[in-house]
Protein chains: 2
Amino acid sequence: MSEIKKKDERIRLKDIAVLANVSAGTVDRVIHNRGGVAPESKKRIEEILSELNFKPNKMAQLLATKKGYKLVVLLPEAVRGDYWWDIIKGIKRAEEEVADYHVKTEILRFNQYSMESFASLAQRLLELNPAGVLMAPFFRREVLRLTKELEERSIPFVFVDSNVESVNSLAYYGQQSHQSGYVAAKIMLTKLEQFSTILLVHMLRTGSSAISSNQTTKREEGFLAYLEKYSLESFYRIIRVDLHAEDESGNEEKLDGVFNQNPDIRGIIMFNSRIYRIADFLEKRGIRNIRAIGYDLLERNVHYLKNGMVECLIAQRPQLQGYYGLTALARHLAFKQPSKPICYMPIDILFKENINDYKVYPFDVE
Amino acid sequence: MSEIKKKDERIRLKDIAVLANVSAGTVDRVIHNRGGVAPESKKRIEEILSELNFKPNKMAQLLATKKGYKLVVLLPEAVRGDYWWDIIKGIKRAEEEVADYHVKTEILRFNQYSMESFASLAQRLLELNPAGVLMAPFFRREVLRLTKELEERSIPFVFVDSNVESVNSLAYYGQQSHQSGYVAAKIMLTKLEQFSTILLVHMLRTGSSAISSNQTTKREEGFLAYLEKYSLESFYRIIRVDLHAEDESGNEEKLDGVFNQNPDIRGIIMFNSRIYRIADFLEKRGIRNIRAIGYDLLERNVHYLKNGMVECLIAQRPQLQGYYGLTALARHLAFKQPSKPICYMPIDILFKENINDYKVYPFDVE
DNA sequence: CTGTTAGCGCTTTCAT
DNA sequence: ATGAAAGCGCTAACAG
């Protein structure tokens, strides 16, 4: 029986083996649940393992292992400065970190307004036979079909941005939509003069997906819930306008109409990330006495936050969603580390006064 | 001459050796500038190295190396739930992560109100002869003395919480105090009725340190700067009261006096982290129509935020300060990775509506 | 079911 | 000045 390491040294697999009177190989087998170990040995080893709180040396593990993992990411097409772009930034960052774990990533981007696009990429994804999947769930039916197949093949998957409760994902990273609407209402109403009008702007798009629009619906519900909670419904008039994503000039006309008929509009809120469209309009018309509130730190939104056209932006750390989504998969695969099944993002409140030092860790530091 | 790895595989030290017609040992010598290599060999190897853009495998490096680093942390004594406690949480978390790099940490805690305590621990620190130091700079003169010695010994150090500009630290992690006061003012004044009184509460303590009180001073300056910027000085009356940290009952008397003489107080702000003391008082007296704003998510502060006695808390991610402070040192030592010299923390705005999902990454996730 | 053995890529003696 | 060889702690293929 050979020596065990000095007390202050970290305990090694080999030490466990000696204590359990078996060889390193056997210990390795129980650690990785690779089977073929006598029940008693297994029990004994497991006891020692947990008693000594053994943590394998990652360096050695990664050096020795030959396993590699291919992950596939399924996201909407992104353009620089938008929300999905930030999620991808997080994924890229995670990619670098997990490269050491022999994890490779491939990103598939679908057109978020085309179910066919999603479906065909889902098909492609399956053909790639990945070790794990990260996706933004759009088009409920297609998502269910895809995740069903993944479950059958025991391929773990995580959701970002929005969740699909009914399926058994490894994890979900995203915001509580209802609550973020609630927060938006608080900020809106903290200052708004009573008996004024608040305009809720909707943005329609042909073929808009069920799941993602669900987000904005929940935000609006949260917004209204706040009014109700504090019995403010009779102090503010809520009106709505439906814009159309592709019809720039039609929108302007509509907005002009709304403002003409409702000169007492003092607040505007939009539950998706396009508040800059409203800010564009307000700036063009020189309208300045309005509290505009929106979501997400798109570059154009931040521009208007800084110049005062937008009063407040609510953020949900998209980078972190991507980053943690991918690392959760990688850690699950490479180290069998568990993840919290649901992890809600903070509801960050940004005014022009605190936007400058706002950073998302670990992206803007180090 | 043996084979070189297939193209898609990462290039190894061994491959370089083969190409340069030398042994692995020699390549290692030039990589680490360890001398004892013929000039021509050295030149040849260096060329190949840079041509192939060789990056050593970190895992293998860390596995093989025997080097270890001892870091020392110098912080004020902390109690569960307070600000320094959170910084230490961040440090502990970082400790686990860098354990793989053979980095060990020892924490020294001084009494933040005793310069002697700081000085004697600074002495002890030096005797420990650490490879790097993380500290909260209290007592300017003592800090200068300590950092001077560290610089002479070429021991890198980083500051958290507050900065000392004049010395050459590896990095600083903390908030912009002035700006955070500015933000506090914005929030305070967004709703406050005009011509009411705002009470600024100071907390004195015998032997209070120069540097840290500097923080609260700057916050107050930022607060007043906001008033000035928007020409609000004539719309609000600012009054001040000095409490004394150790004199509970004296404070109550003072506050009673202030409230009796100023029944129109509608806002209270405290520039250190003890707003819960005020909330204690307000709750005891049943005063409810006041906007109280404070700093830092101490457990007791959060309690009062949730129950509505405190309107808003401004946070500065202390965990992250500790975490990044320590990892910056570790990465600097183990991999010579550079750090941003100054990294300001976000100014997080917490209301009772968004406190629940607030998390500090990577502490509350995974 | 279990032990043995040969690496993973790099560092570090120890000879030569 | 340089090469050979023995690990670092873990994995995995191969015997038995």
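Helix 6 of chain B, residues 115-128, lies across strand 1 (69-76), strand 2 and strand 3 (132-135) of chain B, and runs at about 160° to strand 2 of chain B. Helices here are DSSP runs of H or I with at least four residues, strands are runs of E with at least two, and both are numbered from the N terminus. The angles run from 0 to 180 degrees between N-to-C directions, and the axes are lines fitted to C-alpha atoms, for helices over the stretch in contact. Please keep in mind that this is a predicted model, in which local features need pLDDT of at least 70 and side-chain atom pairs count only at pLDDT 80 or more, while totals for chains, interfaces and linings use all residues. Residues are numbered from 1 along each chain as its sequence is written, and chains are lettered from A and ligands numbered from 1 in the order in which they are written.

Helix 13 of chain B, residues 318-335, lies across strands 1, 2, 3, 4 (157-160), 5 and 11 of chain B, at about 170° to strand 4 of chain B.

What is the strand order of the open sheet in chain B? Its six strands come in the order 2-1-3-4-5-11 with parallel pairing, where two strands pair if DSSP finds at least two bridges between them. Strand 2 (103-110) and strand 11 (342-344) of chain B are the edge strands, each pairing on one side only. Strand 11 of chain B is joined to strand 5 (residues 171-174) of chain B by three bridges, and B:Gly174 stands opposite B:Tyr344 in strand 11 of chain B.

Turning to chain A, helix 6 (residues 115-128) and helix 7 (residues 140-152) of chain A pack at an angle of about 5°, with their axes 10 Å apart. These two helices of chain A are therefore roughly parallel to each other, a term for angles under 35 degrees. On the side of helix 6 of chain A, the contact is made by A:Met115, A:Phe118, A:Ala119, A:Ala122 and A:Leu126, contact meaning C-beta atoms, placed from the backbone, within 7 Å. Leaving aside neighbours within four places in sequence, the contacts of A:Leu74 include A:Ala122 and A:Leu125.

Finally, how do the two chains relate? Chain A superposes on chain B by a rotation of 180° with 0.9 Å of shift along its axis, at an RMSD of 1.6 Å, using least squares on the C-alpha atoms of residues with pLDDT of at least 70 in both. The two copies are thus related as by a two-fold rotation axis. In chain A, the C-alpha nearest the axis belongs to A:Met59, 1.6 Å from it.

Technical notes: Contact = placed C-beta atoms within 7 Å. Parallel < 35°, antiparallel > 145°, perpendicular 65-115°, else oblique.
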